[in-house]
Structures are given as C-alpha cells and as structure tokens.
Amino acid sequence: MHPEIRLRRTFTLALAFCTARRITTLTTSRSLDVFDHALVWNRALSCTTTRRLHSSPYRADDQNKGKGGSALGLIKDLLSPKKQDTSTSKEPSTPAPPKQPPPSTGNETPRAEFIPKVFTYEARSTPTEQWRNRHVLPTSVQYNAEHESPGTSTPRSIERPLTRRNQEIAFKPHHRALLEPPDQRDRKEQRSSTHRIDRMKCFVQVLTTPTADTPGTTLLLHFDNKRYLVGSLAEGTQRACVQMGARLLKVSECFLTGRTEWSNTGGLIGMILTLADQAGTSRQSAVEEAVKEARNRGKKMGLSDHSEKLWEMEEEAKKQVKVKPLRIFSPPNMNHTLATARRFVFRKGMPVDIHEINDDRAHQEGEDEWAPYWADENIKVWTMSISPDSARDAQQRRVSRPIIGRKRTIDEVYGRQTPAAGIVENDLTQKERDQLAVKAVVSEMFDSSWRLDTLYETPLSQVKMPAAIFVRNAETNKIERWNGPLPGGDKPLPTPDPTVLVRRPWPGALVESLPPTEPAKEAISYIIRNHTVRGKFDPKAAERLNIQKGRKWADLASGKTAESEDGQTITPDMVLAPSKEGGGFAIVDMPDPTYIDGLLTRPEWREPKVMAGVGHIVWSCGPGVATDPRVHEFMREFNGLEHIVSSPDYCPNNIALDSPAASTIRLRKVDPTRYGVPIHDAVGEQSYGGSDSHLAMQKQHPLPEKGVQLAERGMILQLEPSIDLQRNQVIPPLDIPAVESAVPPDVLTEAVKAREAVRMSLSEETTWASTLPDKDAEVITLGTGSALPSKYRNVSATLVRIPSWGSILLDCGENTLGQLKRVFTPSELKEVLQSLRLLFISHMHADHHLGTASVIKAWYAEVHASQPIPLPSPTDPIEPLLDPTQRRLAVVSEPAMIEWLSEYSSIEDFGFSRLAPLNISPAYPGRNKPSALNWFVPPSHLASLPTNKSRIEAVTSRTIPASSLGLHDIQAVLVKHCHGARAVSITLPSGFKVSYSGDCRPSEPFTQIGQGSTVCIHEATFDDELAGDAAAKNHSTTSEALGVAQGMGARACVLTHFSQRYQKIPVLEKGGAGGSGGTEVPRAFEAEEGEEGDGEMSVNPTDEFSGPLEDVAATYPDQATNGDDKGKQYDLPKNKDTATSTYRPLSAEKPEAVKFKLTTDMKVCVAFDYMRVKVGEIGQLEKFTPALLRLFAEEEKGVDFEDGLGGTGVVVDHGRGTKKGQAQKQKGQGGKGGKGKRKNSNES
C-alpha cells in the first residue's frame, strides 16, 4: 500500500492535486474546541440525519476523471448532500482495501489520493447552528430565539447529523511537492549551469524608496516578455506604481523580501486584487476572441446550422484559454496572512500560489549543490533566509523532519485521550500539514469555482438569515425576490412550506479557523541572475568548417549540433564566441542590525557559481543597519559591485505621490487655511515640516565612496546587454515653488475674492459657529476616493479631532498612516496618536480597513512602547479592562473585523493585546432597540459552550456602556451596501455628535440615529446623473447624501468617497422649496428600502465583481438544501434602477457646479485628500466654489502644471507610461504615454 499521512481532526482540507497542481478547499470546518474540528463531512451532512458511507476506494486516476472516481470527484461526492437512506446502517462497514498503485517511475507528476477510513461516529451540531451561535450578536440571537416559529429548526427541534469521530483523510508524502518551488520539474534545463540563451535587454527599475507614502523598497525587473516585482509590497506600493506609470499586467512572479509583517506586506492584498481584476479583464477578452475564432472556423466547416456542434467548439475554445497564475515567493507566514483575509477577499479565475521560502529544501537529484532555488526562461534565483542573532543557534539545532516515534494528536495535546497504539511516524511534519491547509484556503480565495448566480432549492423554514431569497414566478417562469414572511420574523411562514432558492456561501468564507502559527523572524533576500548568454555566431568559422549556410547555421547559433559537408559533427562551441555570464543583482533586506552577521557571512557571496555576472547589490535596510561599520566593510570588500542603499537613515522622506501632493499645493494657493504642503524632507530654507536628519546621518556615518549610491525613484540598474547604472530617468523631488507658480492668475483672482467674501461674512459665520458644541473640532479627510487607491485620491479614512476629548478615526483604508504622516509634523503626529481613542470600521470591504493594522501598530509604539500584556480570558471580569489607566484603543466594528484582527495578531504583535475590541450590534429605531457594545469573545470559547443560552450569556455578560469609552452614546444601524455594513452616530458628553455613513444607499434609520448631528460625514460616490449606477452599486449620489444629512438635522455636512477626481461641487440655495432653479434635496427614506432589508449586496452578478476592491465574501450562514441538489445557474433579477445607469468616461468629465435647495442652515463642503477643516468653519468653504471650479477647469484644459517637474521629461519604464513632456520615445519601445489615469466607473 502507498504510504499515507493521516490528518487527525485538526482542520478541514479537501485537497485535489491535478494537472494544474492546484489545491482547493471545497469544504470548511466548524469549531467545537480549539483546533479540534470535524473534517470534510460537517458541511456535507448539514441537512441530513444519516448518510450513505463510501467504502470503495477512490484514486486520482486520469482514466476516471469526471466519473466520480477522481480525487476531485470524490470530494464533490463527499460534499454533496445525500438523500436520507433508511437502508444504510449506522455502523459503517469495513472499507474495501484500496487498489495498489502502479510502480513509480520516478518521473511522473505526484497526484493526491484520498482513501477515506471510517471508524466511529458522534452527534454534532450542524455548521448552520454553529454559524448562528458564532456570528450573530447576542441581542440578535436572543431576538431570533424569542421569535422563532414552531416549525423552524432549532438546536433542539431537529436530529443532529452524525459526524465521523476518528475519520482520517490521508496526506501522502508526495504532497510535499506542493511546498516545493513551483514549476521546477520541467525546468531542469534552465536550472543547469550549461543552459544558454540569446542576448536580450533587461533592467531593474527602482519604483519606491523609504518614504511616508511608500515605507519599503520595491523594484521592477523588466524583460520584454515578463515583469517581476521584487522587494517590499508595503501599503502605498500600488498607488506608487500608478504614479510611476509602471504597468503590471505582465507581472506573474513577485519576490517578497524581509519579514512577514504588515509594514512590509500591507499592500499585497490590494495588489493581488488589482492584478486579479486586470487578469480577469485580459482573460475575458481572450475568451471572446477564442469564441469568435471558433464560430468562424465552424462556419467554414459548414456547421452554421448545427448549433450544438458550434456550441461544443466554442466551449472547447474557452477551455484552451489559459489563466496565467500569480506566483509569490515570500517569507514564512505569508499564506497565513492572506488566509486571515478570507472573509473579505474573493476573486475568481486568478490562481495565486504563495510559496514560502524554506532553506531546508533539498535539491533535485543529480543537481549541483549551488543550483538555483527557482528558475524560468529568463532568470535564476537564489534565496537567503536569515534569522536574527538570537534565533540562529536555535535554527541550526532545528531538524526539519524530526525522527520520533509518532506525532501526538490534538486530543492528546489537550489531554483528552490516551495515546493510540500502532501509529507510526509519517514523513510530513505538523508544520508542513499546516502549510498545505492554508495554501488550500488561499487557493479558494482567488480561484474558486463558486458562482453568485448558482442557487439551491431549500424549504423556506430551513433558510438561515441573513440571506437573499428567490422564488420562480409560476406565471412568468422568471426568478424573483421573495417578498413574503422571513424565517425568524414576526409573521408566520406560509403553509405548506414553500421551496425557495438561496445561495450557499463561497468556500473561503466558511473556514472557521486556521492552524496555529506564531510570528516568523526569518528575513528573505535574493540573488537574481540572467541565464548565461550564448556567444555570437561566427560565420567565417562556419565556412572554414565547411558547414552549409541556412538551417545548419541557425541550429548552431541556437546551441544545437550540426553535420558538416564532409560528415564531421560540429558542436556550437566551434562556431560561437565564448559565452558570457548573465547579468544579475542581489537585493538584501535586513530589518534591524541583528540580521547583519547572518547575511554577510552567507557562503553565496564568495561562490562564483552564484555571483558570476552579478553587478549590483540593493540594500533594503531598516533603521540602524546601513550605518553599521560591518556593512560598510562588506561594501569595501566587494567594491567591484555597485551598491545601491535604500534606507530611512540615508534616504530623504521625499514625496512619492507627486500628483496628489501637487493638487493639494494648488488647493493651498486657493485656500491656505484648509490645505498645506504635504510634510516631507526638503533641502533649502523651507523645510515643509520635514527634517534634515538624513543629511546629518550622511555626515556622521559616511558611506564608502567607491561604488555606493543612494537609491532614487526611477533609477535604472541595467543587467543586459551590459552592467550599467543609469540616472537619466531618476525622478527629481517635487518642485513646490514651480507648482505654486503654475497656478493661473485668474484662479488666484477668484481665490482673493473668496477670501474677501469669507472676511465679509465672518460675523455671520461666527454667530452660527457659536451655536455648535465643540466648534473647534477638526475634520481631516485622509482618503476621499472609492474602490481602490487612485492617482489623486486615496481610499477611505477620516480623522475627527475634538480638542476637549480626543480623536476618532472613521474607517482606515490602505496607507492611512502614510496620509497622517503627510498631514501632521512628527511632533503633531505624536499628539494625534496619543489622543486616538476610537477607531470605527464601517464594513469589510478592503478599501475601508486595510490600513488598520499599521495605524494600530503606530499607536501601540507611541502609547505603549510596543509592550504587550496578556490577553484577557473570556471569563475574566470586564471592569478592570475598562480602567482608563490602561489607555486602550477602542476598535468598534462588526464581528468579522474583530476576528480578522484577532487572527492576524498570531502573525505579528501589532498591539492587539492593548485594544478594546468591541462588536457593535445594529440598532433598530423602529423597534426602539438600541445598539450594544460587546467585548470580543473568541469564537473557540463560544463554540465550546453547550447551549444557546450559555453562549448568549457569555457575550451579554461582556456588554459595556458607552460611558466606559468616554462617550455619551454610540449607535449604529445596518445600511444597504454589503453584508454587515453599518453607519454610526457618536455623541460626546459635550453634545458634539458626528454621524458617519460609511458606504451605503440613503438610509432612514441612519437619519433617525443621527438626529441633531453636529456634523454628518456622508459618502457621495456618484453625481446625480449616475443615479442608476448609485442604485446598482449600493452607493449614494450627491443629492441623496445631502438629503440624509438634512433629514437628520445635521448642522454641517462633509461629502466624501468619490468615484472620480473632480466631483461636482454643490452650490446651495437656502430657503423653501418654492425657490427658482436648483434641485430639491430628496428625503432619504423616499429613495430606498427601510430598515427591515437584509442589507445584502446587489443580486446582479456583473455588479458584484465590478469594483477592484469589491468583494462578495460576506460570511453568510451555510444553507440546508434539498437532497441531491447540486445547484443551478439562474438569470437573477437586476437591481432597481440599474437600467437607468449611464456610463460616463473620465475623459468626458467637466468640473462644474450643481445647484441644490436646502431648507435648513446646514453648511456643506466637498472633501479632498489632506483637507483640514474646523466644523465651525465648514460654511466658509462654500465661498471658494468659484475659485475651485476655475482651478479644475484649467487643469482639464491640459495646463502643464501636472507634477511640478519643470519639464524634465522623465521617462518611466522606457516609454511605457511616459510622463508628459517627453519629446520622443526611444526606438522600439512604443507604448502610449499616460498619467496613470484609469477608467473607474465601477466602484466599491
């Protein structure tokens, strides 16, 4: 029998290894104890009481593919609910012995085999029950329990399905191949030292250096056929690529350096999502082209009248379109990092393979010990995994595959059972099994076969809410929304129980917990080289050897042998010039000085088989590394190489995002009170809030003079045809005076008029402001864009500073910390972090929270010096945790957000132990039911409790009053955008009240909890002309946002979250509805559904995947379905008003004003990034509307004050995405110049 590795009740993994070498989780686990889960069967048995057992062997055999006999067929069979079979005995029969595998030749691709072994059974709750106990806040659980109809299923009203107790699904030793470097079995030729390639041009370009905008160092390795991202993928990297004009569509491999921590990898999720969307668009175009060619081919074959044959040809053509996977080489824990995002990240058709670097990997048989770690048609890569000094001894003592008698099961670890007899040691370690599990989760996140329009027949009484429920209209035969009573509602369900259609959750969202992990200290560096370049063909030598000109010459030039006219065998070396070692570079990443010795003593530096041809070393260093004498001595020893230093010690904090900075500088010329020059290091009399510490460091610790350069954006490290360092494309620092001087005089004239108007109305404005509580409270809009970080607007984040109380951060999109560093000087930023008391996340779309970890970590370092404390037990008293002396930061959101922070804290200590993690339950104003704040209770604890009542008590006992946070009140309501989306109103003891919408359609409950708000901050994603788009994508228009603010009686309104660079600026008309001109602001509750809506996203499949950062990963409950129902695809009804949607490309945008009528004295302003406005001065911004319109009109005309580069004509990526001012493109490079704008009609 094949050796098998047994996985015992640790986590769920359904692993299928097929031609594409892809592993997937087709089911998920449900917690009962910590890391003690049933495997595949829970989901499969979620709606049945008994199940037919599988006793026949299943193998991943090509001959049985698609017939139920393959591994994938088995998994699908296991996961498919079966009809109850009364003839099946509860005691399983002994499985038939599996077939013996054929003898291995040693060259065949390993395949996964599953041989289920069924032993005993025990009763467990269904995944649906556990989801309800786990995900619903206690007030909701209690409410549902009180209102459940007698016919609905409860934990006590149905017989629980039986689940296998000691089931074992085997990992086999060859599964370890999935942990090896990908795509290397067919690369033996490229991995060898004898491989030769033809000469080609390639270079490395510096995309980012350490700044506030881009914390890390990122390089782009450029070949004509491919691109490779190398270095850090920190927050802000994607936006910097847009600024640089770097096109990433050809990127298929990323090489991450350093450690797995958010400061180094925080931009990876957003980058993958963008690449996935680009790949999806490219694939869709390829599919359309393939189908078109198939149709034409069918017509030529005379099959025009044979629709079935044509359809088959089209389907076959679609299958031929290959999806290019994205491979990411990374430090340990990267799979785990991505897997923690499984509840809010979902993409289809983009295979992602995260390969974690492991220096213990054995080389392939027969290979040289210095063979590369990975190779493809362009490059060879050697990896260096470095541990800090304190961990190196332990690392050397570690054995990757310990020789012990056997592995303990989880039950034995926790003392729940005695050791079993007869179990022998297997070849896979627990760490390797854990890695396989998280790789499967990541695979399902980006390449799942789940479809939004696949529905399952389900009795209405068994539907678990929240859920979208559909029904087929008997008259029209079309699918419609179910509008009748809902399970768990106040109204009784129809009799007889109707059959409805529901979705099942996508697989990744059902994974309840991940295998355990801990922070990884290894930092990864790389040496990357071109292949050896074949020498130039010598025609004279060929003639002397009497070789016939033509095909034989071509064969010899390509490295093949040929026969001369006189019968002699001619080898390539007889007619080719000597080969040349391919050019290369190294990138070393040392987070702190404890990594220096481990890196500098690596043997690779002195091994010619590795270093031959290497011409550059890029030093990506943390603080205190590049200044170390050991590093300087190493540079002197290897002074024949070019050393590029990218370190915060030496590199200035230049502005990396020129376009938004230049835009803010121009706004400052119009309104200097609300806008300032972004904080950065500058040389000269004006420091702009920065420092000259980098200059002082260069004097105190001078770098070696020979062959050492500081990294700069745009710098080119040429590798082929020769080693060279080119500075002609370096992007100079932003020229602030040049940007200011380029503002047209008529704009400045309008600005003078606006400031005069403010002065004339100062008395009136002062009187109005005097009626506000905390009129000096400041609103700082850090990110005002939607969907993804764009060239001019960052994603959502708004800081509210109340002098008498502290600071509140409303949403925290990617690189919010970088935006804070641009708005506040270092001393001011310390004050902001010290005063930060509450962080609210409105919903789980990635553009609203991917900056949370870095902001919390900065707060943690400033307030608590990065010193953790023990996490409280779920049974500890709550009162000591609320002691003000603990200085906890309250993070308030839905449960999924708190769970993500909790899971990620096992990867990195970013300060979770110092937080006050609070779930806020939604209020229902119509029922007089307020929100409740509940201290986070770990899911494992709730799952371990025996009854619903005990779970409710566990959470309600940890309910805290708003006063414990220093608040008078905090209320949140569900809004229509995505599952769990909330709008919030926060009231301070002073009476100051801020209401924040997050992303949503207009909401009447929001107007109710926001009554009397001092300021309403509301999204206004679309102009009124795009009302159809707003309805389809669950956003608001400008007038709808104003209607909500006016409906709640807000004294001021800040509009944000725009889908474009120039939002139409509202010109407000005061007074009643009888005035002339303008659009009357509608009442919010006239526009959309009331509070009873389930808050689900659009049901149109094309809408769901529209925004680059939009997801469909809401954690819905699993649904019990009828019998063998595998689900069918349906044409779902479109959202209301979708048909009225009108697309307007960015090129057609015209900055203009839109008039609105207001019936109150509410003040309104439109937000831009880096804006700082006091609430009592919001009314002043209305006076600047004419000046802003004139400024935007001038920019639209193409006035050349884009980036303040003084017409230097900087070229990025050799003509691909060139900046304005380039006189001519280099020959052969082509490509259309652009400023990085992208069509952004689809928003999140």
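Trainee: How many bridges join E8 to E9, and which way do the two strands run?
Mentor: Five bridges join E8 to E9, and the pair runs antiparallel. Please keep in mind that this is a predicted model.

Trainee: Which residue in E9 is the bridge partner of Gln-205?
Mentor: The partner of Gln-205 in E9 is Leu-220.

Trainee: And which residue is the bridge partner of Gln-205 in E28?
Mentor: In E28, Gln-205 is partnered with Ile-716. Strand E28 covers residues 716–720 and runs antiparallel to E8, with four bridges between them.

Trainee: How many residues of E8 are buried?
Mentor: Seven of the seven residues of E8 are buried, so the strand is largely enclosed by the rest of the structure.

Trainee: Let us move to H6. Is this helix mostly covered or mostly open?
Mentor: Helix H6, residues 237–244, is mostly covered, with eight of its eight residues buried. Among them are Arg-239, Gln-238 and Gln-243, along with Val-242 and Met-244.

Trainee: What covers the buried residues of H6?
Mentor: The cover includes strands E8 (202–208) and E9 (218–222). It also includes helices H8 (268–300), H19 (658–670) and H24 (816–823).

Trainee: Which residue follows H6, and what is its phi?
Mentor: Gly-245 follows H6, and its phi is positive, near 75°. For H8, the glycine to look at is Gly-302, which follows that helix with a positive phi near 80°.

Trainee: While we are on H8, what distance does it reach from its first C-alpha to its last?
Mentor: H8 has 33 residues and reaches 47 Å between those two atoms. That is close to the 48 Å expected at 1.5 Å a residue.

Trainee: Now H19. At what angle do the axes of H19 and H34 cross?
Mentor: They cross at roughly 140°, and the axes come within 10 Å. Helix H34 comprises residues 1185–1196. The crossing of H19 past H34 is right-handed.

Trainee: Which residues meet there?
Mentor: From H19, the residues are Arg-666, Leu-667 and Val-670. They meet Ala-1187, Leu-1188, Leu-1191, Phe-1192 and Glu-1195 of H34. By class, this contact has six nonpolar residues, two charged residues and no polar ones.

Trainee: Changing topic to the sheets: what is the strand order in the open sheet of five strands?
Mentor: The order is E18-E17-E19-E16-E45, and the pairing is antiparallel. E18 (479–481) and E45 (1128–1129) stand at the edges, each with a single partner strand, so one side of each has no neighbour in the sheet.

Trainee: How many bridges do E17 and E18 have between them?
Mentor: Three, in the antiparallel sense, with E17 made up of residues 469–472. The bridge partner of Phe-470 in E18 is Arg-481.

Trainee: And what is the pairing in the open sheet of nine strands?
Mentor: The pairing there is mixed, with the order E37-E36-E35-E34-E33-E32-E31-E30-E48. Its edge strands are E37 (959–960) and E48 (1171–1174), each of which pairs on one side only.

Trainee: How is E30 joined to E48?
Mentor: E30, residues 778–783, runs antiparallel to E48 and is joined to it by four bridges. Ile-780 stands opposite Arg-1172 in E48.

Trainee: Where is Pro-961?
Mentor: Pro-961 is in the loop between E37 and E38, the latter being residues 969–974. Pro-961 is partly exposed, with a relative accessible area of 44%. Pro-961 and Leu-933 are 28 residues apart in sequence, and their C-alpha atoms are 6.9 Å apart in space.

Trainee: What about Gly-584: buried or exposed?
Mentor: Gly-584 is buried, at a relative accessible area of 0%. This glycine lies in strand E24, residues 584–590.

Trainee: Which residues does Gly-584 touch, leaving out those up to four places away in sequence?
Mentor: They are Ile-528, Arg-529, Gly-613, Val-614, Gly-615, His-616, Leu-719 and Ile-723.

Technical notes:
Residues numbered from 1 in each chain as written. Predicted model: local features only at pLDDT ≥ 70, side-chain atom pairs only at ≥ 80, totals over all residues. Heavy atoms only, no water. Buried < 20%, exposed > 50% of the residue type's maximum accessible area, 1.4 Å probe, protein only. Contact = heavy atoms within 4.5 Å. Axes fitted to C-alpha atoms, helices over the stretch in contact; angles between N-to-C directions. Left-handed = near helix turned anticlockwise from the far one by under 90°. Nonpolar A, V, L, I, M, F, W, Y, C, P; charged D, E, K, R; others polar. Expected span 1.5 Å × (residues − 1). Pairing = 2+ DSSP bridges.
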